[in-house]
Amino acid sequence: MTGSTASRTEIGRAELLARAAKATDALSMFAEASHQLRRLMPYDAAVWRVTDPVTGMMTAPIRAENLDEGGCAVYWESELFTENVNLFRDLAQAPVPVAGLRQTTGDLPARSTLYQDFMRPRGFQDELRAVLRVGGRPQGHISLFRAKGREAFGAAETGLIAGLLTPLAKKLRSFSEPSPQRLPDALHGPGLLLFDVSGTLLSANDDARAHLDDLPEGPSVPSPMGLRIPVWVQSTAMKARAIAQERDRGQARVRIRTRSGRWLVCHASCLRQADGTLGASAVVIEPAKTSEIVPLIVDAFELTDRETEVTQCIARGLPTGEIAEQLHLSPHTVRDHIKAVFEKVGVSSRGELVGKLFTEYYAPLTEKGIVRVAAA
């Protein structure tokens, strides 16, 4: 890379990050980042995904560019059931969470089932994938594809992507901060969807339909019932089957923020028939409990592990002395942590802290045992 090329790349990288930093939501950030990135390195198709930082599974929103929606099931079948090259779950733990398919396979991409089943039929010859990671937690995925006839992704491009991952992940993480206004009470209970072994929707209750209507726009697949099923909902059902078959590990569970600002949790399990064989996969979408979302909210404010522990003690109503005793700290150190938490969250009292982290974003506004606040 020449000096002038390196300079242009650095200027372009700075412009990309500056524009992404101004985004107000994940989809606009993805759109801006992709637009700027294409100026720095060519690619023919892409998918930008938000992931659940606890389970690492993709959730919404998702931005897909120049890809047919019908291929999503094929992509995730390879990832969950047969693929052994550059798995997202492995990449999330790698020292540098970015890799090119042709780089990894020594320019023998046919070693990858993803290449055979998804990429080659669509005319793609290489994929560069990355995990947007910060604080050891995955906040999103990027998949970039190049068509036949283009050069494979090289070391310079891998390095460019690697330098973008942490700042973009921090921006994604910030979107979990509470909304400034309180939300009305939830109108719907748990939604239930059943999927057959191929990932086709078999049935859905009315609450599921209502929850689907409030989900962010993104890639979806048709169903015999006339419903469009978001690809991340379908992949959650597939994840449950992969876990049941012991082909994957972890949880088939993701958190999702709706268009109205409410948090939902989507979790799946694979049912067994009378003879013990695996049957349909059941997906439940329901309003998230405070305990499901607080880790994401706390993470969005970049609290340290110790600050998080102090915050949890405050939420339980413990005074400074008891917090110090439980955490084996001096009262002075606890007060320093509380001051740091107040500054990061932008509050001036314990009541404000509990209200902002534990109630403002979520309705009903309180849960038993959560909002009792003690004086310092």
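His-267 lies in strand E11, strands (E, at least two residues) and helices (H or I, at least four) being DSSP runs numbered from the N terminus. The structure is a predicted model, in which local features need pLDDT of at least 70, side-chain atom pairs count only at pLDDT 80 or more, and totals for chains, interfaces and linings use all residues. Residues are numbered from 1 along each chain as its sequence is written, and side-chain values use heavy atoms, with hydrogens and water left out.

Leaving aside neighbours within four places in sequence, His-267 is in contact (heavy atoms within 4.5 Å) with Thr-236, Ala-252, Arg-253, Ala-282, Val-283, Val-284 and Glu-286. His-267 and Ser-291 are separated by 24 residues in sequence and by 15 Å in space, C-alpha to C-alpha.

Strand E11 (residues 263–272) pairs with E10 in the antiparallel sense over five bridges; two strands are taken to pair if DSSP finds at least two bridges between them. Within this pairing, Val-254 stands opposite Cys-266. The hairpin of E10 and E11 has five residues between the strands, and Gly-261 there takes a positive phi near 95°. E10 is largely enclosed by the rest of the structure, because four of its five residues are buried, where buried means under 20% relative accessible area, exposed over 50%, and partly exposed in between (1.4 Å probe, protein chains only).

E11 is also joined to E12 by eight bridges, and the two strands run antiparallel. Ala-268 has Val-283 of E12 as its bridge partner. Five residues lie between the strands in the hairpin of E11 and E12, where Gly-276 takes a positive phi near 95°. Strand E6 (residues 191–195) likewise pairs with E12 in the antiparallel sense, over five bridges, with Leu-192 opposite Val-284. Eight of the 10 residues of E12 (residues 278–287) are buried, so this strand is largely enclosed by the rest of the structure.

A nonpolar core is defined as a set of buried Ala, Val, Leu, Ile, Met, Phe, Trp, Tyr and Cys residues joined through side-chain atoms within 4.5 Å. The largest such core has 49 residues, and those with the most contacts inside it are Met-119, Leu-193, Phe-195, Ile-229, Trp-232, Val-283 and Ile-285. Helix H9 gives the largest share of this core, seven residues. Beyond residues up to four places away in sequence, Ile-285 touches Gly-189, Pro-190, Gly-191, Leu-193, His-211, Leu-212, Val-233, Leu-264, Val-265 and Cys-266. A second, separate core of 30 residues includes Ala-20, Met-41, Leu-168 and Ala-169.

In helix H14 (residues 350–358), the buried residues are Arg-350, Leu-353, Val-354, Gly-355, Leu-357 and Phe-358. Their cover includes H10, helix H11 (305–315), helix H12 (320–327) and helix H13 (331–345).

Grid points are joined across faces, edges and corners, and a volume is the space filled by probe spheres set on the points. The largest pocket holds about 690 Å³ of space. It is lined by 31 residues, of which Asp-25, Ala-26, Pro-61, Phe-175 and Arg-257 are the closest to its centre. Helix H2 (26–40), strand E1 (45–51), strand E2 (58–65), helix H7 (155–174), strand E10 (253–257) and helix H10 (290–300) each supply at least two lining residues. Pro-61 is found in strand E2, and the peptide bond that joins Ala-60 to Pro-61 is cis, with omega near 0°.

The second largest pocket contains about 530 Å³ of space. Among its 24 lining residues, Thr-55, Gly-56, Met-57, Arg-89 and Lys-239 are the closest to its centre.

One cavity of 30 Å³ or more is found in a search of the whole structure. The largest cavity has a volume of about 40 Å³ and is lined by Glu-83, Val-85, Asn-86, Leu-101, Ser-112, Leu-114, Glu-127 and Arg-129.

Terms used: On a 1 Å grid over the protein atoms alone, a cavity is a set of points where a 1.4 Å probe fits but cannot get out, and a pocket is an open set with protein on both sides within 12 Å along at least five of seven lines; lining residues have an atom within 4 Å of a point.
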